[in-house]
Amino acid sequence: MSRSRRIALAAGSGLAAIIVGLLALPLLFSGRIEDRLRAEIADATSLDVSWSRARLGLLGDFPHPSLRLEGLTVLGTGDFAGDTVLTTNRIAVSMDGPALLSAVRGRGPLVVRTVRLEQPDARLRITEEGRTNWGGEVYPTAEEESGQEGPGLALSLRDLRVDGGRLDFDDRESNTRISVRNIEHQLSGDFSRASLDATTSTRTEAVTVVMAGAPYLHEVDVAHDGTVSVEMESRTARLTDQRIRLNALELRLDGSVASAADATVFDLAFAAPSSDFGDVLSLLSTLYANDFPTLETSGRFELSGEVRGRHAVEEVPAFSLALTVEDGRFRYPDLPLPADSISARLTVSNPGGSLDSTFVDLSTLSFRVGQDRVDASARVRTPLSDPDVDIRAVGRMDLAALSQTVKLPEGEDLSGRIDVDASVRARRSDLQAEAWERVDASGTVSARDVALRGPALRQPIDVRTLDLALTPSAARLTDLDVQAGSSDVRASGQLDNLLAYALGSGTLVGTASFESERLVLDEWRSDDEVTAIQVPGAVDLTLDGVAERVELNGIEMSNARGRAVVREGRLEMEGIGLEALGGRISVDGTYETTDPARPTFALSLGLDSLDMGQTAASLASFRALVPIAAYTEGTFTTDLDLQGALGANLSPDFDVLEGDGSFATSPVEIEGFPIFERLAERLELSRLSNPTVDAIRSGIQIEGGRLLLYPFDATVAGMGIGVTGSNGIDQSIDYDITLAVPRAGIAASALDALASAAGPLGSRIAGIDPIPVRVSISGFVLDPSFSVALGDPTESLQEAAVRAGADAATAAVQPEIDAARARADSTRAEALRAAQARADSVVADAERVAETIRSEAARSAAEIRNQADRAANELVERAGNPIQRIAAERAGDRLREEADQRATDIEEEAEARAEQLVTEARERAAQILGGVGHP
């Protein structure tokens, strides 16, 4: 072998060894690295951290190994158990190779070089007591920091990236909320050095900031670029060349941020380099979202501020902000009216120490549109401990002129006039003490012929008249006349303690009354999932109403009257009555949302002479609990006390539904009810197929998803009947009935079978008329099973006749008696033909029920698939960017796959039940034919 060939062979062998090593290393070490990572996380935090998949490779940041965690989830613990703190689709971490090998052997920390998070979703909360759902205090004490041992996870970070992130921060302690969507962030530097220069770049969408309850930003696009110089020893970061863009407004920021033992120290100043009024105008999200680049603007503004001092658990730095607008004007080229004479002076200041020392002073805010002008001012002091507000507004606005000045979303339209001349000067403590002499609230708000149209509204709204008057102690609605779609409402009322409630203290007390000729609530139904309406706690409102016509869920109601009271977190319904479903409905009870995810209710229902078929067709809950109603013509009356909880879409949770009361009916006709049809077939008693039932009365109880009927007697198709048992929401049945069947009305073969099955007692049946028959019914409504036996034959003929209504029964069954005698004289061939007909009928009925089972299963399966398809499409429609759209499409595909599997299971189970039903019917048919000696 030549020398060159030996060299080539050696090189190829070496390359192959490297490739094998690259492929084998992840397999050899990934499990041990994953175990070490779990241990490091357990030592570093008390949070519940998990992931669905971990992968180790060498090709992502060669020659440094890369660890990828997919489906990472971080949950809170303790009081925050189950609270989602962070989720991310994937986190990729590149680690130092030598340090990784040492860490695997337990001899050193893991050293991180780069981190990349894909679609992280952080949800951070601070409670009123200052506890955080991510663990520990907001700031560790010096003793806590000094007592910490050296970390098992070291940073030599060179690159940090966040793709498609989301942040929701809710600080209940300071009433601060921050929401950020679609975060794209990159930080580059070397965090292993004693000092470093790092560059940072951030892009976000829809930033919303509320501080101390006051909104500062609303769905603003934010971009940030800058350089950070960090001194590790002094723990100080100097910010230079910081450029922040809020929509079109650009800010420059300079200063430093230092980490002290128990606080963060800020020394920052910011200002807007531009004085173009259009830049600050972009912060108004309505203007910025509608052709903002075409907006013609003029005027000047100045904006500056600073943040200086310590920020700790109970300490905020001093901060200030000043904004001035002079001679502002804007106009869209394709709209006829400008907004001009715009001026504003806003200062926000705090000397440091407490957030409660913040003073917000909007001394001037004025503008003009067409011939209308609005002037307003607002001041707020001590916003946390004792809000002190001074708000004034005066002006008139023609909404039609406004719609010719500001571009509204497509399809929206405004018209009408609003007049305001009102002022409020109040302090929460004065309101609590009812020191009305120190409260100044006066003025009026009125609206005339206001028309609102737009895609966000399901129906057009016309406010014909609205008059509201303010006093220190109350707000009086003297007149309200509204047309909303096909519904009309006229109302008046009064709200007491409104100012104290608005300032976060006291109970809002009020009374109101309304009347309507027609309320069409179906026009306002949403296609979205219905969720619970939270009942506010600090509210005591009483509403009396009268509506001549109400339409809801396709049910037409009339003469609706009643009272609703919101009090102590509950909705109380008093004396509500209306006419619907052919009768009268009355309701008293309560609804409460102590647990918003699971509302509860307690109701006393009075349903008087309702049409049973209409009620079953209109109310799924009634149809599920009383399945016979769907096959019945007649009326029913019930007094029922119900208690329970509401689940998805505010439907009753039948597992915890409880109730008791009484149930009565008029004489009713039953047609096509599977239980009676099958029982008629079993007893060879055709009159039971579609019987008439005399009026009945029974006690009822609802518990654990079942309706229990107390024992009662009635007359069915002229025969006495006794009933007791229950049926379930799942359509299962468990009933015992006794029938008094006239001897002349029962087939000889059925009578012989009863006598034979009764043993020695069967010989005593000869002298009894009517025949007592006991039937136990089980299974399901569409697929019942029967156990038939002879009843107690020792009962006297006189007693049996009285209990079953012998006179009526005898008259009704005389044709059956004649037919029975004729059958007794028939030939064997005729008996065979009759048996064949009965056998064919058994099979045909079974096939019909089987087809019903299949069609119901097909309908349910189709609905499951359709719901999943709609949910998947909604996920895609809500996706805000291409990355989110890809993730939404994948999630939608999973939804469709899971739904298709569930639907397939339902169809297969239904097919198996249908086949079994038909098979059993054919076996019964064979028994019928065998009983008459079929060859």
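**Entry 1: ground rules.** I am working on a predicted model, in which local features need pLDDT of at least 70 and side-chain atom pairs count only at pLDDT 80 or more, while totals for chains, interfaces and linings use all residues. Residues are numbered from 1 along each chain as its sequence is written, and side-chain values use heavy atoms, with hydrogens and water left out.

**Entry 2: the chain as a whole.** I noted 16 helices and 42 strands in the protein chain, taken as DSSP runs numbered from the N terminus (helices H or I, at least four residues; strands E, at least two). Of the 935 residues, 39% are buried, where buried means under 20% relative accessible area, exposed over 50% and partly exposed in between, with a 1.4 Å probe and protein chains only. Among contacts (heavy atoms within 4.5 Å) with a separation of 6 or more, 55% come from residues 24 or more positions apart.

**Entry 3: the largest cavity.** I then returned to the cavities, each a set of points on a 1 Å grid over the protein atoms alone where a 1.4 Å probe fits but cannot get out, with lining residues having an atom within 4 Å of a point. The volume of the largest cavity is about 50 Å³, a volume being the space filled by probe spheres set on the points. Its lining includes Val 424, Ala 441, Leu 470 and Pro 472, and strand S23 (474-484) and helix H8 (498-502) each supply at least two of the lining residues.

**Entry 4: aromatic pairs.** I counted four aromatic pairs, under the rule that rings of Phe, Tyr and Trp (its six-membered ring) pair if their centres lie within 6.5 Å, with planes under 30 degrees apart called stacked, over 60 edge-to-face and the rest tilted. Phe 622 and Phe 636 are stacked, because their ring centres lie 4.9 Å apart and their planes meet at 15°. This pair links distant parts of the chain, 14 residues apart, with Phe 622 in helix H10 (residues 620-625) and Phe 636 in strand S33 (residues 635-645). Phe 622 is buried at 14% relative accessibility, and Phe 636 is buried at 1%. Tyr 631 and Phe 673, with ring centres 5.3 Å apart and planes at 55°, are therefore a tilted pair. Here Tyr 631 is partly exposed at 25%, whereas Phe 673 is buried at 6%. Ring pairs also link Phe 622, Phe 636 and Phe 663 into a cluster.

**Entry 5: helix H11.** I found seven of the 10 residues of H11 buried, so the helix is largely enclosed by the rest of the structure; among the buried ones are Ile 675, Phe 676 and Arg 678. Glu 684 follows H11 and has a positive phi, near 55°.

**Entry 6: other positive phi values.** I noted that Ser 609, although not a glycine, has a positive phi of about 60°; Ser 609 sits in strand S31 (residues 600-611) and is partly exposed at 31% relative accessibility. Ala 717, also not a glycine, has a positive phi of about 50°; Ala 717 lies in the loop between strand S38 (706-716) and strand S39 (719-728) and is buried at 17%.

Terms used. 1 Å grid on protein atoms, 1.4 Å probe; cavity = no way out; pocket = protein on both sides within 12 Å on 5 of 7 lines; lining within 4 Å.
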